[in-house]
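Here is a short note to go with the model you asked about. Please keep the structure open while you read the points below.

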Amino acid sequence: MKIAVMGAGAVGCYYGAMLARQGHEVVLIGRALHVDAVLGQGLRLETADFDQRIKLAASTEASAAKGAELVLFCVKSTDTEAAGALLAPWLAPQTLVLCLQNGVDNADRLRGVLPQEVAAAVVYVATEMAGPGHVKHHGRGELVIEPSSGSGALAQALAEAGVPVEISDNVRGALWAKLILNCAYNALSAITQLPYGRIVAGVGVAEVLRDIVAECVAVAEADGVRLPAGLDIAVRRIAETMPTQYSSTAQDLARGRASEIDHLNGYILQRGALLGVATPVNRVLHTLVRLLERKNDEAKFKT
């Protein structure tokens with residue numbers, strides 16, 4: 001099938017490359033520097049099992065998605081509506097849009113600007129952009145997707161490409177579980193600029209993680225979310241299965257970019273305030289990351 005990756009960062013490029021290796025026609029839509037590298041030398045996908053350059057189409061324009069049967073939607077949460085509006089004129093009515101973003105409300109927001117079917121997905125993968133046109137995979141890679149008219153065929157295509165997939169009728173709960181994992185690790189990794197394995201080795205970190213998760217769970221329960229079992233185990237497993245991974249928030253701050261913190265710990269603050277649940281630990285983390293973003297902005301202004 002023809003597949004477009006809207007927002008071709010580390011996550012989108014990983015899944016796009018895996019599908020391209022299986023013979024699907026994939027086009028990456030992303031930043032000019034990245035696109036130029038892919039057009040010139042192919043996309044380098046570096047994993048523990050192989051290091052390969054994969055020939056892919058790439059463009060900076062949303063029009064490249066024309067004719068796509070599937071769109072992997074991977075833009076930052078802050079850009080959801082704007083990127084959806086750019087795609088809208090180019091998608092066929094039957095195109096399936098798979099939302100691979102952080103946060104719990106992006107698929108609903110995307111449905112507000114696209115008439116096509118949108119399916120939410122939960123992503124568990126450790127990747128980074130190691131340079132223009134170079135994706136490095138640090139571990140995992142499974143997807144949990146919600147039922148849709150095309151979920152069966154999509155799951156089969158992903159599985160054949162080496163991507164473990166589960167179709168779940170409780171994607172909302174799975175998205176909240178992933179949000180809680182992100183709230184636990186992303187800000188700590190961003191503030192310290194440390195990978196997960198080194199974070200959990202710190203004095204007092206286990207207690208901080210416990211407090212973050214407890215606040216998030218309280219908000220989720222107040223919001224009527226059916227969380228999956230084994231959340232505490234999942235939190236511990238992140239550091240065990242992705243010990244060298246820096247959070248996307250840490251990578252954003254290191255590159256001087258705005259992060260998605262408003263849609264992570266900031267979302268917990270927002271929902272907690274509406275539901276009457278106190279979230280002081282998440283508030284501190286959100287505030288510190290926003291201060292670091294402002295520091296980056298001030299440094300840019302001075303230069």
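Predicted model: local features only at pLDDT ≥ 70, side-chain atom pairs only at ≥ 80, totals over all residues.

**Notes on the model**

1. Let's start at one glycine. Beyond its neighbours within four places in sequence, G30 is in contact with A8, V35, S59 and T60, where contact means heavy atoms within 4.5 Å. G30 itself sits in the loop that links β2 (25–29) to α2 (32–41).

2. Residues are numbered from 1 along each chain as its sequence is written, and side-chain values use heavy atoms, leaving out hydrogens and water.

3. Now the whole fold. The protein chain has 12 helices and 10 strands; these are DSSP runs, helices being H or I of at least four residues and strands E of at least two, numbered from the N terminus. Its radius of gyration is 19 Å, close to the 19 Å from the globule rule for 303 residues, so the chain is as compact as a globular protein of that length. That radius is taken over C-alpha atoms, and the rule is 2.2 Å times the number of residues to the power 0.38. The C-alpha trace spans about 50 × 45 × 40 Å along its principal axes.

4. Of the contacts in the protein chain with a separation of 6 or more, 68% join residues 24 or more positions apart.
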